[in-house]
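Here are my notes on the model you sent over, point by point.

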Amino acid sequence: MVAIKETSEHLALDAPENSKDEAAELLNKARTILKRRLSFFVWQGFFEPLTPLSLVDKVLVIQAPTSFHRNWVIDHYMNELNASVAEVCGEDVRIDITFCNDLQKKLPTKKEKVKPAKIIPEKNAELENKNIKSENIAIPPSPVRIDATVLPLLSNTNLNTSYSFDAFVHGPSNQMGYAAATSVADYPGTQFSPLFLFGGVGLGKTHLLHAIGLRAKEKNPTLKVVYLSAEQWVNSYIQAIRERQFDSFRNRYRNVCDILLIDDIQFLAGKDASQDEFFHTFNCLHEAKKQIVVTSDKYPHEISGLEERLQTRLSWGLIADIKPPEIETRIAILHKKAEKLAIKFSDDVLHYLAANVTSSVRELEGALVRLAACSSLTKEAITLAQSKEILAPVLKKKTLVASWQKVCEVVATYYDLRTSDLIGQARQRQVVFARQVAMACCRSLLSMSLPEIGRVFGGRDHSTVLSSLRKIEEQKRNDVSFQSILLRIESKIGTSASSS
Ligand code: ADP
Ligand code: MG
């Protein structure tokens, strides 16, 4: 079981230098995976600010900026974090999340010997040739190797119990996919096999896939349901080759599987050996009248790099598409998600979200989570004005045309100063602090480099900039009201930039 402890025994303060590098590599790779799986709102709000501290004896110590931040990740995203870390290093790594004060309170302990977890290279070369030498292959974990204890919410068969049909809101946009999925779950292998669900990113394909597995298992617990992504299929196949475990690989998917759920089949494009294996598995299951369900972001014949014979087979059953939800469905989804978070939102806030976050359900959910986090922090219901303020920097980030001049203008106005004070050499406390705030905004909103910021703010060197940014981070950690001041300033920069 992944133990999350209040404070870490494996003190990062005491960790050897190279364990920090190992931790950074592992966390960065896990974050890359999470960026694909989570909403941008969630990723940027909760994962981007995590700092890797150490990786010692299979314990990854990460630091969150605040205790609130740490608790939120632990309460809401530990499954995702554990799964992504397990995917990167292929073994059970315990994750300790601390926040700054945890470490400061503790005294250093004796140095520990570093036993870094094995980190698997990000891209695994696909086996174009089955005779490829096994020692040349980087082996990622197969899905079945992920210990169920690493994923506490995932029941047997890797199914995420929160992705049930009950939790799925259906409306005109996804009615066909939903109806097909429920039918397959109720009568597997009889009507639509394969069922091919396709649609854009974040529209509920994975959710429906899990829901099929959960419902089918609920109705008939003896059914063998296997869920995995096509990426995991490839990894698992490579592992079977390396370990010369073909028989057990084939047995697992061809003989002891009643329902095979494969997510994101487009990942097989261009990976000939894995495709070939999947082709034969498909034939075998199809002949035995087993149920196959596949999801994709494209229609079968539009997946270039997928063999034609596979494209044809994937079109044999039912193809159902999932379209972006209409506003009414978006509002209904928000109600459902808010209920699950056990946080009350006013109707105008939910309408505002539904009207402004239209790209995908994942982003919609992410925006709601961001508001929920703020509401938990302040222990007050979020108003419409606050929602606009909180989401403005993120909603506008992609289109933001702010400049450092705009940042200085807004920050100077806020602190009742002149722009020239910020970029000049004045050393009064108020000016120095406002300058540090402006530097932090240039970093977070404009992604300016340290030397660039230094040049703008009076020719300061990058170490001065770094120490300014650290001071602002520290202030954010220690002062909740400063966090909301910063949000307000960022929001003003966003608003004035978009109206300029
Ligand atoms: P996809 O696989 O299509 O990229 P996901 O299934 O991962 O998308 O969905 C992204 C998030 O949005 C998940 O948290 C999922 O629960 C949620 N979601 C998507 N569609 C719906 C829906 N119709 N009702 C409830 N939640 C949904
Ligand atoms: Mg998906």
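This is a predicted model: local features need pLDDT of at least 70, side-chain atom pairs count only at pLDDT 80 or more; totals for chains, interfaces and linings use all residues.

**Notes on the model**

1. I'll start with a loop. Gly458 sits in the stretch between α18 (450–456) and α19 (462–478). With a relative accessibility of 26%, Gly458 counts as partly exposed. Along the chain, Gly458 and Ile423 are 35 residues apart, yet in space their C-alpha atoms are 5.1 Å apart.

2. Now the ligand. Which residues come nearest to ligand 1? Out of the 18 residues around ligand 1, they are Val169, Gly202, Thr206, His207 and Glu365. By type, the shell around ligand 1 divides into 8 nonpolar, 6 polar and 4 charged residues.

3. Have a look at the polar contacts there. Two of them use the backbone: an N or O atom of Gly202 is 2.6 Å from an oxygen atom of ligand 1, and a backbone N or O atom of Leu203 is 3.1 Å from an oxygen atom of ligand 1. From a side chain, a polar atom of Lys337 lies 3.0 Å from a nitrogen atom of ligand 1. As for cover, ligand 1 on its own has 560 Å² of accessible area, and the protein covers 94% of that.

4. Where does ligand 1 lie relative to the domains? Domain 2 (175–322) and domain 3 (327–395) both give residues to the shell, so ligand 1 lies between them. If you want to find the helices involved, α6 (205–219), α11 (327–341) and α13 (361–378) each supply at least two residues of that shell.

5. While you're on α11, check Ala338, which lies in that helix. Ala338 is buried, because its relative accessible area is 6% and the cut-off is under 20%.

6. If you were wondering about disulfides, the count is 0. Cys408 is in no disulfide: the nearest cysteine sulfur belongs to Cys442 and is 5.7 Å away, whereas a disulfide would need the two sulfurs within 2.5 Å. Are these cysteines buried or exposed? For Cys408 the relative accessibility is 0%, so Cys408 counts as buried. Cys89 is buried as well, with a relative accessible area of 0%.

7. Helix α2 (residues 40–47) is worth a look. How many of its 8 residues are buried? The answer is 7, so this helix is mostly covered. The buried ones are Phe41, Val42, Trp43, Gln44, Gly45, Phe46 and Phe47.

8. Strand β1 (residues 51–56) includes Val56. Val56 has a relative accessible area of 4% and is therefore buried. Between Val56 and Asn18, 38 residues apart along the chain, the C-alpha separation is 9.9 Å.

9. Next, some backbone geometry to check by eye. Most residues other than glycine have a negative phi, and most peptide bonds are trans. Against that background, the peptide bond from Ser193 to Pro194 is cis, with omega near 5°. You'll find Pro194 in the loop that runs between α5 (175–186) and β4 (195–199).

10. Asp264 is not a glycine, but its phi is positive, at about 55°. Asp264 belongs to the loop between β6 (259–263) and α9 (272–287). Its relative accessibility is 29%, so Asp264 counts as partly exposed.

11. Lys289 also has a positive phi, about 60°, although it is not a glycine. Look for Lys289 in the loop between α9 and β7 (291–296). Is Lys289 buried or exposed? Lys289 is exposed, because its relative accessible area of 63% is over the 50% cut-off.

Technical notes:
Residues are numbered from 1 along each chain as its sequence is written. Chains are lettered from A and ligands numbered from 1 in the order in which they are written. Side-chain values use heavy atoms; hydrogens and water are left out. A residue is near a molecule or strand if one of its heavy atoms lies within 4 Å of it. A polar contact is a pair of N or O atoms within 3.5 Å; within protein, one must be able to donate a hydrogen and the other to accept it, and residues adjacent in sequence count only if both atoms are side-chain atoms. Accessible areas come from the Shrake-Rupley method with a 1.4 Å probe; for residues, only the protein chains shown count as cover. Helices (H or I, at least four residues) and strands (E, at least two) are DSSP runs, numbered from the N terminus. Ala, Val, Leu, Ile, Met, Phe, Trp, Tyr, Cys and Pro count as nonpolar, Asp, Glu, Lys and Arg as charged, and the others, Gly among them, as polar. Domain bounds come from an automatic or database domain assignment. Buried means under 20% relative accessible area, exposed over 50%, partly exposed in between (1.4 Å probe, protein chains only).
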